[in-house]
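Hi,

Here is the structure I promised to pass on.

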Amino acid sequence: MKLSDIVARLNLLDSLDVPSECDIATGTLKNITHVVVEHANANQTSSTDIAKTYTEINSLIKKFANQVESLKQDLRSDIAQQEQEYLADSLHVYQEEMIHDTTDGILNRRMRIDNEDDLVLRTRLKNLTDWRIPGMIIRPGVETFIEDMVPLDPLYVVDHDPELMRPAISKFTPEYQRRLREYVINDWADGPILDRLPDNQFGTIFAYHYFNHKPMPIICKFLTEFYQKLRPGGTVLMTYNNCDLAHGVIRAEHVWMLYTPRRLIEQHAIDVGFELIMAYDGKGDVSWLEFRKPGDIVSLRGGQTLAKVLAKTE
């Protein structure tokens, strides 16, 4: 059985609120038993039998709920065991194949996002922009999210190659382009990835369709460094391929994206020190996580000299 089939079964069971439904069933039967025994003028033998049957049913309902939970635990154990191969395969694809991806291939690699999900994502992103704090966007690509981040000052643009940043940066006037801070990184090399960027400075870090194609060790490495780069109260918002959902595993099985379960990402982020603010799964390919470094955003800036920034129109 493929891992996606096992995850689909767990997703189905997780969609059922078994404890609540069992509590409702138990409560309903308890009320009926009370009415019959106390108010329906039943004879003593009938009342005793009904009360006894209720006790037996209540015990069976608890047994049923425990059996369902035990089944879910068995599925989780199967997933944890089988996913080791998927994690290793994703790391191999990243190290041996994705390192050779061309600029055009990366830029043409798009992610399906529903209009409603797009609006939610942009709203979340805009709520994280503030002219008093620096921001970072990783792989702006050909999307327009960078336009939502221009209030951040300065705005750092980060990717593997300057040509990957060019489509997004070229949308702006030459004056604003000179204000942007471009940084080239290499997450295939040993050592820190973001070491050339300042520590404890950023208020917002955003990555769209970047970590969907990174394996777990690289995502964990980034999260550790993000924590160092963010100032207290700063937030990282990142899309990823949620392989705690069956369709995410299917994408990994077809090597459309890599195997990155939410629970593993979330656990590492919490271990680093982050707080989970939001986890969102959309209708298309998009899932994202928001993590915040504990504390309050503080800035000493008293005013901004930059006029409103607009992208160039055709």
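Leaving aside its neighbours within four places in sequence, which residues is Phe 274 in contact with? They are Leu 223, Phe 226, Tyr 227, Leu 230, Val 236, Ala 269, Phe 291, Arg 292 and Lys 293, where contact means heavy atoms within 4.5 Å.

Before the rest, some housekeeping. This is a predicted model, in which local features need pLDDT of at least 70 and side-chain atom pairs count only at pLDDT 80 or more, while totals for chains, interfaces and linings use all residues. Residues are numbered from 1 along each chain as its sequence is written, and side-chain values use heavy atoms, with hydrogens and water left out.

Back to Phe 274. You'll find Phe 274 in the loop between helix 10 (262-272) and strand 6 (275-281); helices (H or I, at least four residues) and strands (E, at least two) are DSSP runs, numbered from the N terminus. Phe 274 counts as buried, at 3% relative accessibility. Buried here means under 20% relative accessible area, exposed over 50% and partly exposed in between, with a 1.4 Å probe and protein chains only. For a distance to check, the C-alpha atoms of Phe 274 and Val 142 are separated by 30 Å, and these two residues are 132 apart along the chain.

**Cores**

A nonpolar core, as used here, is a set of buried Ala, Val, Leu, Ile, Met, Phe, Trp, Tyr and Cys residues joined through side-chain atoms within 4.5 Å. The largest one has 48 residues, and the members that touch the most others are Ile 138, Phe 222, Leu 223, Phe 226, Tyr 259, Ile 265 and Phe 291. Helix 8 (residues 216-229) gives the most to this core, with 7 residues. Another core lies apart from it, with 26 residues, including Leu 125, Ile 133, Leu 155 and Tyr 280. As general background, nonpolar side chains tend to be buried together in soluble globular proteins.

Not counting residues up to four places away in sequence, Ile 138 touches Val 158, Ile 205, Phe 206, Ala 207, Tyr 208, Tyr 210, Phe 222 and Phe 226.

**Helix packing**

Helix 1 (residues 3-14) and helix 3 (residues 44-96) have axes that come within 10 Å and cross at roughly 150°. Axes are lines fitted to C-alpha atoms, for helices over the stretch in contact, and angles run from 0 to 180 degrees between N-to-C directions. Helix 1 and helix 3 are therefore roughly antiparallel, a label for angles over 145 degrees. On the helix 1 side, the residues that meet helix 3 include Leu 3, Ile 6, Val 7 and Leu 10; on the helix 3 side, Leu 71, Leu 75, Ile 79 and Tyr 86 are among them. By class, the contact of helix 1 with helix 3 has 9 nonpolar, 1 polar and 6 charged residues. The classes are Ala, Val, Leu, Ile, Met, Phe, Trp, Tyr, Cys and Pro as nonpolar, Asp, Glu, Lys and Arg as charged, and the others, Gly among them, as polar.

Val 7 lies in helix 1 and counts as buried at 2% relative accessibility. Leaving out residues up to four places away in sequence, Val 7 touches Ile 79, Cys 243, Asp 244, Leu 245, Ala 246 and Val 249.

Helix 2 (residues 18-39) packs on helix 3 at an angle of about 180°, with the axes 10 Å apart. That makes helix 2 roughly antiparallel to helix 3 as well. The contact of helix 2 with helix 3 divides into 14 nonpolar, 4 polar and 1 charged residues.

**Backbone spots to check**

- The peptide bond from Asp 153 to Pro 154 is cis, with omega near -5°, and Pro 154 sits in the loop between strand 1 (135-138) and strand 2 (155-159).
- Arg 139 is in the loop between strand 1 and strand 2. Its phi is positive, about 55°, although Arg 139 is not a glycine, and Arg 139 is buried at 9% relative accessible area.
- Asn 200, in the loop between strand 3 (181-184) and strand 4 (202-207), is not a glycine but has a positive phi of about 55°. Asn 200 counts as partly exposed, at 42% relative accessibility.

Cheers

Technical notes: Angles under 35 degrees count as roughly parallel, over 145 as roughly antiparallel, 65 to 115 as roughly perpendicular and the rest as oblique.
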